[in-house]
Amino acid sequence: MTYTLTILDVSGVQKYLFDSNRLIHNIGASYLVEQATGAWVNDATDGMHSGPIESGHTDCELVYSGGGNAVLLFASGELARQFTRRYTSVVLQRAPGLRVVVQHTDFEWADSLADKYTSTIRMLAKKKAEQTPVLPMLGLSVTAACPYTGLPAAGQDTDGKFISAEIDAKQQVVKNAREKLKADFKEQLGLYDFVYDFNLLGARDEASYLAVVHADGNGMGNRKEAICQDQVNRKNNRQFLNALCAFSAQVNDAGVKALQATFKRALKWIEVDATRANPQEKTSYITRGVDEQIKRVKFVPLVFGGDDVTFVCDGRLGLSLAAIYLQEFNKHLVGGRPLYACAGVAITKNRYPFARAYEMAEQLCQNAKRAVREGLTKQYGIEDALALDWHFAVNGAVLSINDIRAREYTLPDGGKLNVRPYFIDAAKEPLQNWASFRHSVFEFTEGDWKDKRNKVKELREYLRQGKSATEQFLKLLKLPDLPDMGISDCRKNGWYGKTCAYFDAIEAMDLFVDMEADEREAVRSV
């Protein structure tokens with residue numbers, strides 16, 4: 001009997017999720033993407049008999065869905081095409097602008113389904129790469145443009161603004177999206193709720209910054225490939241399907257639980273911080289909307305489940321929460337091995353273009369992944385690691401992270417001002433160790449340099465001039481040695497070879513709260 005393997009993938013998710021600067025649109029879009037690989041897949045199989053496909057008595061079998069894709073088996077090609085017609089019709093109507101790519105492959109149960117799955121994934125990737133760019137109809141006569149997408153307006157929102165069909169669809173599901181978020185984090189939220197407005201994330205000075213955190217699992221494709229290449233799985237289709245389904249479910253569970261644990265730790269720290277004795281030192285991470293009684297935490301998850309996670313929070317908490325998330329994710333075992341991930345954090349003003357901030361966070365995440373592959377793995381033979389990179393976007397320059405660092409963080413002699421990315425718990429890399437960075441910030445703000453804040457700011461300018469200028473500055477003003485990072489050479493002149501050891505810490509002083517330093521007593525660096 002000939003069966004059909006169907007794999008669908010939501011394409012261009014990032015643009016769909018983050019092309020608006022209104023947080024409610026991003027939340028609504030996230031909900032629609034989740035529905036597209038969840039409830040809508042099930043809806044499209046309504047009326048079909050489901051169960052183990054090889055039994056000969058079923059029409060379809062859902063192997064797994066979520067994280068932007070789904071895998072199904074059908075008893076025939078016609079049933080697969082029937083499902084696709086139903087499914088794509090729902091997507092077109094309920095989520096205008098969301099693109100989905102579907103690939104079918106026929107197979108016999110005697111074939112290796114693992115091999116068929118691998119070849120189908122490759123064909124799907126090729127189809128995605130060869131997609132014809134969508135050229136939407138921009139209007140046949142006089143039209144009003146949507147201020148969020150630039151597309152022709154198809155309706156009006158509650159404020160009377162003309163909006164496109166895409167934005168209208170996102171806004172219509174905002175209530176459902178909020179309810180689902182609250183349900184997913186019910187245990188952690190308690191009497192609180194999330195912030196649903198970028199304007200509430202920032203207030204003034206350092207508090208006017210928000211952080212976009214994007215984390216992505218390491219080597220997930222390799223792990224799936226290992227499942228496909230396992231000799232037992234290649235010979236036993238049912239075992240292969242069980243292994244693939246279990247892997248997907250376990251990774252999804254790990255991503256959700258890691259983010260829940262991260263938020264729980266954040267809320268606990270915030271509550272302790274609010275009890276500090278000196279009210280002048282308090283800077284609230286809790287806010288309220290106009291005429292609201294409910295307390296809102298300056299944190300909101302946008303994408304979670306699986307190994308791909310994106311959340312937004314108060315800018316001062318971004319680095320700490322990213323590091324905490326990576327460590328929480330790493331606690332989960334899949335196939336007897338811990339999960340690893342890297343994260344990128346873009347810290348921007350709350351009115352900075354959100355799509356650009358997300359793009360930056362994604363680039364930073366890829367930088368961190370590259371550092372693991374090309375640094376730790378090649379140099380020390382370490383199989384995998386957690387890594388974190390970030391950037392403070394204080395201006396509107398539209399450049400890639402690599403271009404920004406080449407222009408602003410590289411000296412004429414080739415010296416690098418930044419150490420980033422940093423590795424979490426990488427003892428063999430003291431300079432790029434997250435603990436070393438945290439220690440340096442602490443020493444500049446709470447240690448020997450605590451009462452020398454102006455001198456620390458001056459030090460940053462001398463570090464830009466190189467080793468000799470920095471050493472002379474420290475000697476002339478009789479300043480203490482720079483923080484101990486486990487590398488004695490750099491304490492006198494600030495440099496380790498061609499890399500400045502302290503520029504990252506000084507730059508981050510005002511926009512980094514070390515939540516890991518002592519979560520019970522809420523020791524802060526701001």
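Trainee: Why is threonine 6 called buried?

Mentor: This is a predicted model, and in it threonine 6 has a relative accessible area of 0%. Buried means under 20%, so threonine 6 counts as buried.

Trainee: Where does threonine 6 lie, and what does threonine 6 touch?

Mentor: Threonine 6 is placed in strand β1, residues 2–11. Leaving out residues up to four places away in sequence, threonine 6 touches Ala70, Val71, Leu72, Phe74, Ala80, Val102, Gln103 and His104.

Trainee: What makes the pair of threonine 6 and histidine 104 a polar contact?

Mentor: The side chains of threonine 6 and histidine 104 are joined at 2.9 Å. The cut-off for such a pair of N or O atoms is within 3.5 Å, and the pair is accordingly listed as a polar contact.

Trainee: How do you know whether histidine 214 is buried or exposed?

Mentor: The relative accessible area of histidine 214 is 3%. As buried means under 20%, histidine 214 is buried. Histidine 214 belongs to strand β8, and a polar contact of 3.1 Å links its side chain to that of threonine 310. Among the residues that histidine 214 touches, beyond those up to four places away in sequence, are Asp308, Val309, Cys342, Tyr358 and Cys365.

Trainee: How do you know that strand β8 pairs with strand β12?

Mentor: Strands pair if at least two bridges are found between them. Here 7 bridges join β8, residues 209–217, to β12, residues 308–314, and the two run antiparallel. As one example, valine 212 has valine 312 of β12 as its bridge partner.

Trainee: To which sheet do these strands belong, and what makes a strand an edge strand there?

Mentor: The sheet is open and has 6 strands in the order β11-β12-β8-β15-β16-β17, with mixed pairing. Its edge strands are β11 (299–303) and β17 (422–424), each of which pairs on one side only. From one strand to the next, the twist averages 20°. Helix α16, residues 434–445, packs on this sheet and touches β16 (386–393) and β17; the direction of α16 makes about 110° with that of β17.

Trainee: How many bridges join β7 and β10, and in what sense do the two strands pair?

Mentor: Strands β7 and β10 (residues 296–297) pair in the parallel sense over 2 bridges. The definition asks for at least two bridges, so that β7 and β10 count as paired.

Trainee: What makes helices α17 and α18 roughly antiparallel?

Mentor: The axes of α17 (residues 453–465) and α18 (residues 467–476) come within 7 Å and cross at roughly 150°. Angles over 145 degrees count as roughly antiparallel, so α17 is roughly antiparallel to α18. The contact involves Lys455, Glu458, Leu459, Tyr462, Leu463 and Gln465 of α17, with Ala469, Thr470, Phe473 and Leu474 of α18. By class, the residues of this contact are 6 nonpolar, 2 polar and 2 charged.

Trainee: Which residues of helix α6 are buried, and against what do they pack?

Mentor: In α6, residues 165–172, the buried residues include Glu166, Ile167, Ala169, Lys170 and Gln171. The buried residues of α6 pack against α1 (13–18), α2, α4 (77–94), β6 (162–163) and α7.

Trainee: Finally, why does isoleucine 227 count as buried?

Mentor: Its relative accessibility is 13%. The limit is under 20%, so isoleucine 227 counts as buried. Isoleucine 227 lies in helix α10, residues 220–229. Apart from neighbours within four places in sequence, isoleucine 227 is in contact with Asn233, Phe240, Ala243, Leu244 and Phe247. The C-alpha atoms of isoleucine 227 and alanine 243 are separated by 7.0 Å, with the two residues 16 apart along the chain.

Technical notes: Residues are numbered from 1 along each chain as its sequence is written. This is a predicted model: local features need pLDDT of at least 70, side-chain atom pairs count only at pLDDT 80 or more; totals for chains, interfaces and linings use all residues. Side-chain values use heavy atoms; hydrogens and water are left out. Helices (H or I, at least four residues) and strands (E, at least two) are DSSP runs, numbered from the N terminus. Axes are lines fitted to C-alpha atoms, for helices over the stretch in contact, and angles run from 0 to 180 degrees between N-to-C directions. Contact means heavy atoms within 4.5 Å. Buried means under 20% relative accessible area, exposed over 50%, partly exposed in between (1.4 Å probe, protein chains only). A polar contact is a pair of N or O atoms within 3.5 Å; within protein, one must be able to donate a hydrogen and the other to accept it, and residues adjacent in sequence count only if both atoms are side-chain atoms. Angles under 35 degrees count as roughly parallel, over 145 as roughly antiparallel, 65 to 115 as roughly perpendicular and the rest as oblique. Ala, Val, Leu, Ile, Met, Phe, Trp, Tyr, Cys and Pro count as nonpolar, Asp, Glu, Lys and Arg as charged, and the others, Gly among them, as polar.
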